[in-house]
Amino acid sequence: MSPALSLAEAPHSAPVTHVGDLIGWTVGLLVVIGLVYWLMRQGWNWRRTQQSGLPALPVAPKATTESILELEGRYFGSTSAGNWLDRVVAHHLGERSLVELTLRPDGLDVVRPASASFFIPIAALRAARTDKGIAGKVVPEGGLLVVTWEHGGKLLDSGFRADHPAEHDNWVTAVEVLLKAHAKVAGQQSEVKPAEAPQAEAQKEGA
């Protein structure tokens with residue numbers, strides 16, 4: 001019998017699995033995962049502390065007019081305006097959730113069945129645009145509707161994704177039209193008030 005054939009027929013021992021090493025790797029992995037989670041929670045709590053001065057979110061008043069637009073989708077989060085990674089977590093604004101949006105003449109009603117709902121008054125609404133990322137979440141170009149608004153003296157960006165993203169452009173247009181109409185009405189009211197003042201003074205003098 002040739003030496004090559006003898007080697008081929010020789011039994012091969014199965015690789016030995018060291019249970020101790022496996023347990024060690026498993027424990028180490030669990031520790032790393034726990035540390036990462038702890039650091040995330042610490043960062044979240046730090047942000048919440050930093051943003052503790054943000055006032056409570058406005059509550060939607062009873063609707064007195066018909067809605068302009070409505071959509072269902074997901075709320076992706078809020079950030080400081082212009083900084084898509086600076087997440088705002090105060091008042092549950094950092095929690096992703098399902099959402100129902102309603103644009104009304106008096107503002108934007110944000111209903112989140114599983115989290116805190118809020119209302120953006122027309123006076124606080126600043127702009128709307130389509131985008132691809134917010135709060136660390138990225139989607140295809142134009143896949144997000146981002147609304148810029150002011151709350152507690154701070155400009156915020158809030159991101160939404162409709163179940164049918166093709167609706168986003170209509171929302172941007174509707175918000176722009178609504179803001180222009182509001183600015184026009186506000187301008188007319190500011191022009192009327194100075195004219196009313198002399199009349200009021202004249203009435204007082206006549207009395």
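**Notebook: buried charges and paired rings**

I began with Arg-104, which is buried, with a relative accessible area of 6%. The model I consulted is a predicted one. Next I looked up the partner of Arg-104: its side chain meets that of Asp-106 in a salt bridge, at 2.9 Å from N to O. Asp-106 counts as partly exposed, at 26% relative accessibility. I note that side chains of opposite charge can pair when their charged atoms come close.

**Entry on the other salt bridges**

How many salt bridges does the structure hold? I recorded four. One of them joins Asp-131 to Arg-129, with the closest N and O atoms 3.2 Å apart. I found Asp-131 partly exposed, with a relative accessible area of 21%, and Arg-129 partly exposed, with 32%. Arg-129 also meets Asp-157 in a salt bridge, at 3.3 Å from N to O. This pair links distant parts of the chain, since Arg-129 lies in strand S6 (residues 125-131) and Asp-157 in strand S10, 28 residues apart. Asp-157 is buried, with a relative accessible area of 2%.

**Entry on the aromatic rings**

I then turned to the rings and noted three aromatic pairs. Tyr-75 lies in strand S1 (residues 69-80) and Phe-160 in strand S10 (residues 154-162), so the pair ties together parts 85 residues apart in sequence. Are Tyr-75 and Phe-160 buried or exposed? Both are buried.

Phe-118 and Trp-149 form a stacked pair, 5.5 Å centre to centre, with 15° between the planes. I placed Phe-118 in strand S5 (residues 118-121) and Trp-149 in strand S9 (residues 144-151), 31 residues apart. Both Phe-118 and Trp-149 are buried. I recorded Tyr-75, Phe-118, Trp-149 and Phe-160 as one aromatic cluster. The charged end of Arg-112 sits over the ring of Tyr-75, 4.4 Å from the ring centre.

I looked up Thr-102 in strand S3 (residues 97-104). Thr-102 is buried, with a relative accessible area of 17%. Beyond its neighbours within four places in sequence, Thr-102 is in contact with several residues, among them Ser-67, Leu-69, Leu-108 and Trp-171.

Lastly, I examined a nonpolar surface patch of about 320 Å², made by Leu-29, Leu-30 and Ile-33. Ile-33 lies in helix H2 (residues 19-50).

Technical notes:
Residues numbered from 1 in each chain as written. Predicted model: local features only at pLDDT ≥ 70, side-chain atom pairs only at ≥ 80, totals over all residues. Heavy atoms only, no water. Phe/Tyr/Trp six-rings, centres within 6.5 Å; stacked < 30°, edge-to-face > 60°. Helix = DSSP H or I, 4+ residues; strand = E, 2+ residues; numbered from the N terminus. Buried < 20%, exposed > 50% of the residue type's maximum accessible area, 1.4 Å probe, protein only. Lys NZ or Arg CZ within 6 Å of the ring centre and 35° of its normal. Contact = heavy atoms within 4.5 Å. Patch = residues over 30% accessible without salt bridge, like charges linked within 9 Å, V, L, I, M, F, W, Y side chains within 5 Å. Areas by Shrake-Rupley, 256 points an atom, 1.4 Å probe, with all protein chains shown as cover.
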